[in-house]
Amino acid sequence: MMQYTYSLILFFTVIICFVASFDKRLRFDREFVPFLKASVIVALFFIAWDVWFTSRGVWWFNTKYTLGIVLAGLPLEEWLFFIFIPFSCIFTYFCLDKFFRWQHLSAFNNIIVFVSIIVCAVVALRYADRIYTLVTAVVTIVTLLVFHFVMRVQWISQASLVFTILMLGFLPVNGILTGTGLESPIVNYNPVDFMGIRVLTIPIEDAVYGYTQFLWVLYFFKKFQTRPYNPNS
């Protein structure tokens with residue numbers, strides 16, 4: 001039973017959202033193709049990131065909690081992570097975007113972007129010798145610069161609010177992956193490669209990493225949606 005731990009985490013993370021997708025008030029099932037396109041594109045980068053960090057020993061996986069199928073140094077479940085977790089995130093954004101008029105939140109885009117960039121820049125400079133911390137901070141800075149100043153997207157505030165809400169699910173899911181309630185973590189981190197600041201058992205970098213991944217999947221999802229594009233959505 002232990003070898004199904006990671007698989008069950010993914011299953012219970014996505015199952016409610018998947019079933020609810022077929023609700024006639026939501027019909028997120030009509031968005032499965034745009035979502036899959038978006039998630040696969042983003043996964044190509046983040047899986048490469050994952051493979052590279054794993055090969056460098058920045059983190060590694062306890063295979064007694066996995067099915068034992070390993071591809072490019074990553075358990076099969078880790079590959080599926082980049083589809084299942086974004087699915088729940090995009091589904092949540094889709095639902096809130098459908099039922100709430102929240103375009104006024106775009107007024108906060110500037111402050112969110114500037115504060116986030118400053119914080120990440122300070123962290124990157126302070127922990128330039130910690131590879132996971134440094135790369136996560138730099139990728140987040142580049143992401144925000146591109147979205148805000150180049151692509152000029154208007155939904156950064158909305159996405160940031162949704163991600164804050166998603167933290168309620170992020171904490172138990174990533175908490176189990178990093179050792180909460182288990183004899184040993186599923187994902188282990190080399191302490192010399194990150195700041196060492198944890199929320200429960202979760203490295204703070206994981207939250208920033210998740211935020212950046214979410215922004216990119218959401219961006220491509222909006223691009224691939226078949227409904228008319230609304231610049232304020």
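When I say buried, I mean under 20% relative accessible area; exposed is over 50%, and partly exposed is in between, all with a 1.4 Å probe and protein chains only. With that in hand, serine 39 is buried, because its relative accessible area is 1%.

A bit of housekeeping before I go on. This is a predicted model, so local features need pLDDT of at least 70, side-chain atom pairs count only at pLDDT 80 or more, and totals for chains, interfaces and linings use all residues. Residues are numbered from 1 along each chain as its sequence is written, and side-chain values use heavy atoms, with hydrogens and water left out.

Okay, back to serine 39. You'll find serine 39 in helix 2; helices here are DSSP runs of H or I, at least four residues, numbered from the N terminus. Setting aside neighbours within four places in sequence, serine 39 is in contact with Phe82, Ile83 and Val217, where contact means heavy atoms within 4.5 Å. Asparagine 62 is 23 residues apart from serine 39 along the chain, and their C-alpha atoms are separated by 25 Å.

Now the helix pair around that serine. Helix 2, residues 32-55, and helix 3, residues 76-99, have axes that come within 9 Å and cross at roughly 135°. Those axes are lines fitted to C-alpha atoms over the stretch in contact, with angles running from 0 to 180 degrees between N-to-C directions. That makes helix 2 oblique to helix 3; under 35 degrees would count as roughly parallel, over 145 as roughly antiparallel, 65 to 115 as roughly perpendicular, and the rest is oblique.

Who does the touching? On the helix 2 side the residues include Phe35, Ser39, Ala43 and Phe46, and they meet a helix 3 set that includes Phe82, Ile83 and Pro86. By class, this contact of helix 2 with helix 3 has 13 nonpolar, 1 polar and 2 charged residues. For the classes, Ala, Val, Leu, Ile, Met, Phe, Trp, Tyr, Cys and Pro are nonpolar, Asp, Glu, Lys and Arg are charged, and the others, Gly among them, are polar.

Next, helix 7. Glutamine 213 sits in this helix, residues 204-224. So is glutamine 213 buried or exposed? At 5% relative accessibility, it counts as buried. Not counting residues up to four places away in sequence, glutamine 213 touches Val42, Phe46, Phe81, Phe82 and Pro86.

Helix 7 also packs with helix 5, residues 131-150, at an angle of about 30°, with the axes 10 Å apart. Helix 5 and helix 7 are therefore roughly parallel to each other. That contact's residues divide into 11 nonpolar, 5 polar and 2 charged.

On to helix 6, residues 156-177, which bends by about 40° at leucine 168, with proline 172 following within four residues. The bend is the angle between axes fitted to the seven residues ending at a residue and the seven starting there. Just after helix 6, glycine 179 takes a positive phi of about 120°.

Most residues other than glycine have a negative phi. Arginine 27, in the loop between helix 1 and helix 2, has a positive phi of about 50° although it is not a glycine. With a relative accessible area of 28%, arginine 27 is partly exposed. Then there's arginine 152, in the loop between helix 5 and helix 6, with a positive phi near 55°. Arginine 152 is exposed, at a relative accessible area of 57%.

Methods. Helices (H or I, at least four residues) and strands (E, at least two) are DSSP runs, numbered from the N terminus.
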